[in-house]
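I opened my notebook for a new model today. Here is what I looked up, in the order I went.

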Amino acid sequence: MENAENKVVAENLAKPKSKVKVNANDLLNQVDGELELSFREKIISKVNKNYQTVKVAVASRNQQE
């Protein structure tokens, strides 16, 4: 068992470690670009609907006063 462990450790040390650099802003921009347009449309539609509901409620309240 110990021999197998030593072999695995030795193999891992022999492999060159690759360094991958990730630019967080580029990654976020890429993900943002991949969002489905329908998702954005749904969110905008819901916000608009809720805004209209609040607008009507405030207008009704102001008329009652």
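**Ground rules.** I am working with a predicted model, in which local features need pLDDT of at least 70, side-chain atom pairs count only at pLDDT 80 or more, and totals for chains, interfaces and linings use all residues. I number residues from 1 along each chain as its sequence is written, and side-chain values use heavy atoms, with hydrogens and water left out.

**Confidence.** I looked up pLDDT, the predictor's confidence in each residue, from 0 to 100. The protein's mean is 82, and 86% of its residues reach 70 or more.

**Fold.** I found three helices and zero strands, running α-α-α from the N terminus. Helices (H or I, at least four residues) and strands (E, at least two) are DSSP runs, numbered from the N terminus.

**Surface.** Of the 65 residues, 0% count as buried (under 20% relative accessible area; exposed is over 50%, partly exposed in between; 1.4 Å probe, protein chains only). The protein exposes about 6,700 Å², and carbon and sulfur atoms supply 56% of that area.

I then turned to V22, in the loop between helix 1 (2-14) and helix 2 (24-34). V22 counts as exposed because its relative accessibility is 60%.

Notes: Areas by Shrake-Rupley, 256 points an atom, 1.4 Å probe, with all protein chains shown as cover.
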